[in-house]
2 protein chains.
Amino acid sequence: MRPVSIVGIGQIPVKKVYDKSLRQMAAEVVELALEDAALDRVDALYASNMLADEMQCQKHVAALVADEAGLTGIEALQVRAAMASGAAALRMAYLAVGSGTVELALAVGVEQMSGSYVTPLLAKALDAEVELPHGETLVSQNAHLMQVYFERYAPPPDALAYFPVIAHENARQNPNALFSDRQFTTADVLESRLISAPIRLLDCSPICDGAAAVILAPTEVARRFSARPVHILASAVATDRFRITDRRDPLVLEAVKLSAEAACRQADIKVAQVSLLEFHDAFSIMACLTLEALGYAEPGTGWQLAASGQLGPGGVIPVATMGGLKARGHPIGATGIYQACEAVLQLTGQAGGCQVPSARVAMLQSVGGVATTVITHILAV
Amino acid sequence: MRPVSIVGIGQIPVKKVYDKSLRQMAAEVVELALEDAALDRVDALYASNMLADEMQCQKHVAALVADEAGLTGIEALQVRAAMASGAAALRMAYLAVGSGTVELALAVGVEQMSGSYVTPLLAKALDAEVELPHGETLVSQNAHLMQVYFERYAPPPDALAYFPVIAHENARQNPNALFSDRQFTTADVLESRLISAPIRLLDCSPICDGAAAVILAPTEVARRFSARPVHILASAVATDRFRITDRRDPLVLEAVKLSAEAACRQADIKVAQVSLLEFHDAFSIMACLTLEALGYAEPGTGWQLAASGQLGPGGVIPVATMGGLKARGHPIGATGIYQACEAVLQLTGQAGGCQVPSARVAMLQSVGGVATTVITHILAV
């Protein structure tokens, strides 16, 4: 397949959006991305979203966004993988352009979910026949993993609390972050409200709205649209057993490992060469287990990287550099595209106060369910 | 991009399925397709479905199906375009294999929607902010088009009734059709219950369940898996204005035209070379307008092809050769994949009593909303 690059990005601040509709949010970032690439049209639009079926009574999101953005006529499809939907749309855009079938493709993620009780909707990423009847949710399943982690490895009580502290610190310099005005200590995390033991409020990513878009072009013509195109070196998807109870070891995120290995093979790099990692820190335990699955730490020791300051610039691996899911916010279907926008800013030296010095290679990971679907992209300049 | 072929198919009879769950139906056709290609694994699975969010509380269909089919670990994503979702999944499989990124891909469509009141769910393919508040549904919008058609062209009252008659006749020889035991006259259609004037019961495709799967491989190795691979000559998507009231002429299906033109260019054929057309006859009026948009008939005369026997073997263009959406049934998210399975049977001379003699080229068209998203594939041997 031919090499593919990102030549334009568009994002709006993550927040609770009351004054715009889903389609307006999406059309706005499409316009920003087109402006960024000095384009007025693309050939295809791949949309991502998780909750519009119920939240907006909308099952035809891609065509709706294309129409609202004035792009009538073009190809428009929606791609999904629960919470990993944003990365799924990015992958389809990558395949379409890479195949030579589509010249310019736009991946746009959008979610408007605040102002409603969405936990039962998010739980539809789990097994509705086996798990939902027992009241399982994404929160309860992550709580289960956190419980097992503490039982097996007996780390200090504040072990996982470092992850949200780091994310919130990073978000303070990102103008598009939901929480750009907060600062927490690990004590704050441990004193925050208990949500589903042992998970506390500050272990969880927030319910919020957002939209983001990226434009992909063949690398060979990328400089026509961008002075600083960012190249997509790899795109890989892997799945795990659907229910965590069916897995050999619930604390080993096999799909994180598999998709990252495949992506590193495609990009012909080692994990050690990655300059920054935008991981799926929807819950503190997910952040920790991801570092372990990726090989940055031995099982049971991922939190030590956080506690010892190894996750900031100059450390082993800078993570959630613009706030991550925890503090930039996690507008589900848009999250994977926000990650891509942020990686582009980092790799082109435009990340402002969040800038990771000499960032050359970014790994993005997006997770659907409890690491059931994992999508990894590697970007580089 | 490298050429891609279909090397295996699997389908179950369309009916009201009470004794199997969504995932079981999907896993069954995955297994049938794998058997057909003498494979025990593929590299990626692209799933299509429209209504599981509400019907099965399931938003993570692709990973669920991969798990149930014993394919844990592989890439699994869902692709959507409302009622055109099946064709959307086929397109993603085509792009993935064509790009060289994926070697063997499976497209699987599944829908379990009978036994519930799904009209409001299907209406989520329309504009929820502007159209749904006025009670619009897919039925009412198609009724509107039919009304305008009769007002503008004043055809005889039974003009559109020939379409369901033909579909039901064809379905009688298809063992996988929902209605393989019925036969109707145009008088039956005109006497059937009025649903949404002027649409009558027999103008509408039925509510039913089904699943179908196809396996795609690079053409250069297709004969390893199939003695009679079927080649995908083209895959194209186009959209129209989202609301029919925004269109220049509601009786001109622009996206049907655009996507078919793009597909014919890709395949380097003319519409006249197509041996059979699996079109989206969800309503009689949609069948008629499709023939006109494709250029088989002048505006206002599409029904004459049906009335004069030109839509059967030996006619201008055989349509709905195994019953179409009307009589094979329209299990929404699976329909596009059923069309692909049926085209493979036709092109390889395995269509039994439905066989179109000397079928060489098949055009498949799948429609989301009221021809808002249209996906065209061209298959050939």
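## Basis of the report

Residues are numbered from 1 along each chain as its sequence is written, while chains are lettered from A and ligands numbered from 1 in the order in which they are written. Because the model is predicted, local features need pLDDT of at least 70 and side-chain atom pairs count only at pLDDT 80 or more, whereas totals for chains, interfaces and linings use all residues; side-chain values use heavy atoms, with hydrogens and water left out.

## How the two chains are related

Two packed helices are described by the angle between their axes and the distance between the axes. Here an axis is a line fitted to C-alpha atoms, for helices over the stretch in contact, and angles run from 0 to 180 degrees between N-to-C directions. Helices (H or I, at least four residues) and strands (E, at least two) are DSSP runs, numbered from the N terminus.

In chain B, the axes of helix α1 (residues 22–36) and helix α3 (residues 61–68) come within 9 Å and cross at roughly 60°, and α1(B) and α3(B) are therefore oblique to each other. Angles under 35 degrees count as roughly parallel, over 145 as roughly antiparallel, 65 to 115 as roughly perpendicular, and the rest as oblique. In contact, which means heavy atoms within 4.5 Å, are R23(B), Q24(B), A26(B), A27(B) and V30(B) of α1(B) with L64(B), V65(B) and E68(B) of α3(B).

Helix α6 (residues 138–153) of chain B packs against helix α10 (residues 284–293) of chain B at an angle of about 60°, with the axes 9 Å apart, which makes α6(B) oblique to α10(B). This contact is made by N142(B), L145(B), M146(B) and Y149(B) of α6(B), together with I285(B), M286(B), C288(B), L289(B) and E292(B) of α10(B).

## A salt bridge between the chains

Side chains of opposite charge can pair when their charged atoms come close. Over all chains the structure holds 40 salt bridges, each being a side-chain nitrogen of Lys or Arg within 4 Å of a carboxyl oxygen of Asp or Glu. One of them joins the side chains of E75(A) and R91(B), at 2.7 Å from N to O. This pair crosses between chains, from strand β3 (residues 75–80) of chain A, which holds E75(A), to helix α4 (residues 85–98) of chain B, which holds R91(B).

The peptide bond from A197(A) to P198(A) is cis, with omega near 0°, and P198(A) lies in the loop between β5 (194–196) and β6 (199–200) of chain A. In chain B, a cis peptide bond joins A197(B) and P198(B), with omega about 0°.

A38(A) is not a glycine, although it has a positive phi of about 55°; A38(A) is found in the loop between α1 (22–36) and β2 (44–48) of chain A.
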